[in-house]
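Here is a short briefing for a first look at this structure. Keep the view open while reading the points below.

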Amino acid sequence: IKPENKYGLAATVNEGKIIQAWNWSYANIEKNLTKLAEQGFTTIQVSPPNELKMPTKGVKVCEPAVGGIAPNGWWMFYQPAGFQLNESTDNALGTKAEFVQMCEKAHDLGLKIIVDAVINHMGTDDDHVGKYTNDSLDPMDHVNPRAALFEKELLDAKAFHSPWVDMTYKENYWDGWSDYDIEEDLTQNCTSGLPDLATETQLVQDTIYDYFVELVEAGADGFRFDAAKHIELPTDDGNRSDFWPNVLNGAQSATSNELFFYGEILNGCGTDIGNYTRYMSITDNFYSDAVLMAANNSNPSGLANSRYNKGAAANKNVLWVESHDTYMGESGSGGMRNTSGVSDDKIIKAWAMVGSRADATSLFFARPAYNMGDASSNTTYKSKPVAEVNKFKNYFAGQGEYLSCDGSIAYNERGTSGVVLVNAHGTNTSVNVKANKMANGTYKDAITGSTFTVSNGRITGNIGNTGVAVVYNPSSNPTPDPTVTPTQAPTQAPTQAPTQAPTQAP
């Protein structure tokens, strides 16, 4: 029995919005489920729910680095000790029983749950990322001892890529690398010293398959694959494997519900993006970073950019304003390597454009609290502009888009009866911009309640003190435009952004 969709949420993960409840415990997510539904988020992404190499309960999310090492806990979630739902009481997220209860309560409200799945590697034998206790080339000398409690079979089989060598991020052909060079470095070597699983082997594939089935049976509706580009593809030249079709087809067969899959593909990956999108959606960090940089720099044409940089179809892209990696300064491009200092009002303006895009999936990162397990102390995800952009996106599912800018205003028209407008230069302002698709009529701004008019080919009205207006009449059905196609903005971002390799675990 499907729950009543009283919050107007999208029917699928792909059509709706994801909130990344990064580091939130299952109990704290459960406490906030109603608010998240009211905000128009269809899906909640939880942090990796498996057994970890270290306790996280009572640990801070982040502190300033000391001696080059960050004495914090966030990265611990990306160092598995076992591939099963956590039952250890020292984990800040909670136990399997709490995960199951959270999923049940979410489903009752029409919400979906996807999990961050770390399946490329296991945790190291030291306390910090990037601090190696020895220089042995034997990967078994670097696996965290706690893994023996949960994955003895993997350890007995020495199911890791050998030798233990750090990857150097050979990603792009224009740097002079061949297919083999790129594939060997990205899929056979180690990310920040993390022992790299031999994902081409049946044993590793069976282990991850069993983990995914456990998650699906516990209530998960999909997965975000951490470090996806570091696992071989069937189309790779020298180091191919059938990991993705075997594991994902197996996980899908475990449920009658359609699972949502998306992979973390940061920067270059040395292969046609279609080799990934046949199995999953992918992250376009170039586009996402560029839009936030445009908002931060008060650049309306950059905000109105519509080009996806990696060549994937719109419905195969997962976009964000910021991610946990960019917030922690671990990755990024186009000048947005660390986004933690970007103000909330700039985040909202970027979200207005990213979150209103047609077909693509958008993820909102809830900036973390002080302690692991606590719900976000930053309230931006609870704000009215974020909620109204989310509801607008849900309402216009299946309708076309037209992105453009006029003066200081970047805007996205959906169908012929809705538009999101952003004042890149400030907040309160009068608007008089070209109507490319909007039909004549009178509309309301869902944020302020003020009236907007479309007449004689112009959209006129006033943007309020958030700098964003969400203009439509949700009491009526959205009006489609059968002729509309996604349109490039006047000023395009570069087709590729400068590559920056992460310095720590993803």
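Helix 3 packs its contact from K96, F99, V100 and C103, which meet E214, L215 and A218 in helix 7. Five of these residues are nonpolar, none is polar and two are charged. The model is a predicted one.

**Helix 3 and helix 7**
- Two packed helices are described by the angle between their axes and the distance between the axes.
- The axes of helix 3 and helix 7 come within 9 Å.
- They cross at roughly 50 degrees.
- Helix 3 and helix 7 are therefore oblique to each other.
- Helix 3 covers residues 96–108, and helix 7 covers residues 202–218.

**Helix 7 and helix 8**
- Helix 7 also has a contact with helix 8, which spans residues 243–253.
- Their axes come within 9 Å and cross at roughly 30 degrees.
- Angles under 35 degrees count as roughly parallel, so helix 7 is roughly parallel to helix 8.
- The crossing of the two helices is right-handed.
- Which residues of helix 7 meet helix 8? They are Q205, I208, Y209, F212 and V216.
- On the side of helix 8, the residues are F243, N246, V247, L248, G250 and A251.
- By class, this contact has eight nonpolar residues, three polar ones and no charged ones.

- N86 lies in the loop between strand 4 and helix 3.
- Strand 4 takes in residues 80–85.
- Is N86 buried or exposed? N86 counts as buried, because its relative accessibility is 1% and the cut-off for buried is under 20%.
- Leaving aside neighbours within four places in sequence, N86 is in contact with P49, N50 and E51, among others.
- The list for N86 also includes N91, G94, T95 and K96.

**The loop between helix 5 and helix 6**
- Helix 5 runs over residues 152–156, and helix 6 over residues 179–188.
- Most residues other than glycine have a negative phi, and most peptide bonds are trans.
- K158 has a positive phi of about 50 degrees, although K158 is not a glycine.
- K158 is placed in the loop between helix 5 and helix 6.
- K158 counts as exposed, because its relative accessibility is 55% and exposed means over 50%.
- Y169 also sits in the loop between helix 5 and helix 6.
- Y169 is not a glycine, yet its phi is positive, at about 60 degrees.
- Y169 is buried, with a relative accessible area of 15%.
- What kind of peptide bond joins S162 and P163? The bond is cis, with omega about 5 degrees.
- P163 is found in the loop between helix 5 and helix 6.

**The whole chain**
- The protein chain has 506 residues, and buried residues make up 62% of them.
- The chain holds 14 helices and 18 strands.
- Among contacts with a separation of 6 or more, 74% link residues 24 or more positions apart.
- The accessible surface of the chain comes to about 17900 Å².
- Carbon and sulfur atoms account for 48% of that surface.

Key
Residues numbered from 1 in each chain as written. Predicted model: local features only at pLDDT ≥ 70, side-chain atom pairs only at ≥ 80, totals over all residues. Heavy atoms only, no water. Axes fitted to C-alpha atoms, helices over the stretch in contact; angles between N-to-C directions. Helix = DSSP H or I, 4+ residues; strand = E, 2+ residues; numbered from the N terminus. Parallel < 35°, antiparallel > 145°, perpendicular 65-115°, else oblique. Left-handed = near helix turned anticlockwise from the far one by under 90°. Contact = heavy atoms within 4.5 Å. Nonpolar A, V, L, I, M, F, W, Y, C, P; charged D, E, K, R; others polar. Buried < 20%, exposed > 50% of the residue type's maximum accessible area, 1.4 Å probe, protein only. Areas by Shrake-Rupley, 256 points an atom, 1.4 Å probe, with all protein chains shown as cover.
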